[in-house]
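I opened this entry to record what I looked up in the structure, starting from the surface and working back to the fold.

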Amino acid sequence: MENQNRLPQEQNHNEWNWGFTAGSETWNGRLAMIGFISAVIIELASGQGVLHFWGLM
């Protein structure tokens with residue numbers, strides 16, 4: 001009877017799993033935000049775009 005009253009286990013979104021899981025999508029979003037903010041900071045600090053800053057253009 002006790003097992004019927006238990007709620008299903010919630011998935012840990014901070015756990016590092018490979019594949020298309022909720023945790024991996026959370027990490028993908030976090031890393032994308034870090035990359036975007038880094039690009040904005042480089043542009044603000046150097047006065048030029050990221051590609052110019054790296055010498056690719």
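I began with the surface, where I noted a nonpolar patch of about 520 Å² made by Phe 36, Ile 37, Val 40, Ile 41 and Leu 44. I keep in mind throughout that this is a predicted model.

Is Phe 36 buried or exposed? Its relative accessible area is 55%, and because the cut-off for exposed is over 50%, Phe 36 counts as exposed. As a reminder to myself on spacing, an α-helix has 3.6 residues a turn, so residues three or four places apart point the same way.

Next I checked helix H1 itself, which runs over residues 22-46 and has 25 residues. From its first C-alpha to its last, H1 reaches 36 Å, close to the 36 Å expected at 1.5 Å a residue. After H1 comes Gly 47, for which I noted a positive phi, near 80°.

I also looked at Thr 26, which lies in helix H1 and, at 25% relative accessibility, counts as partly exposed. The C-alpha atom of Thr 26 is separated by 7.5 Å from that of Asn 14, although the two residues are 12 apart along the chain.

For the aromatic side chains, I found that Arg 30 lies over the face of Trp 27, at 5.1 Å from the ring centre, whereas the count of aromatic pairs comes to zero.

Last, I wrote down the totals: the protein has two helices and zero strands, and buried residues make up 5% of its 57 residues. Its accessible surface comes to about 5,300 Å², of which 62% belongs to carbon and sulfur atoms.

How values were computed. Residues numbered from 1 in each chain as written. Predicted model: local features only at pLDDT ≥ 70, side-chain atom pairs only at ≥ 80, totals over all residues. Heavy atoms only, no water. Helix = DSSP H or I, 4+ residues; strand = E, 2+ residues; numbered from the N terminus. Expected span 1.5 Å × (residues − 1). Phe/Tyr/Trp six-rings, centres within 6.5 Å; stacked < 30°, edge-to-face > 60°. Lys NZ or Arg CZ within 6 Å of the ring centre and 35° of its normal. Buried < 20%, exposed > 50% of the residue type's maximum accessible area, 1.4 Å probe, protein only. Areas by Shrake-Rupley, 256 points an atom, 1.4 Å probe, with all protein chains shown as cover. Patch = residues over 30% accessible without salt bridge, like charges linked within 9 Å, V, L, I, M, F, W, Y side chains within 5 Å. Salt bridge = Lys/Arg side-chain N within 4 Å of Asp/Glu carboxyl O.
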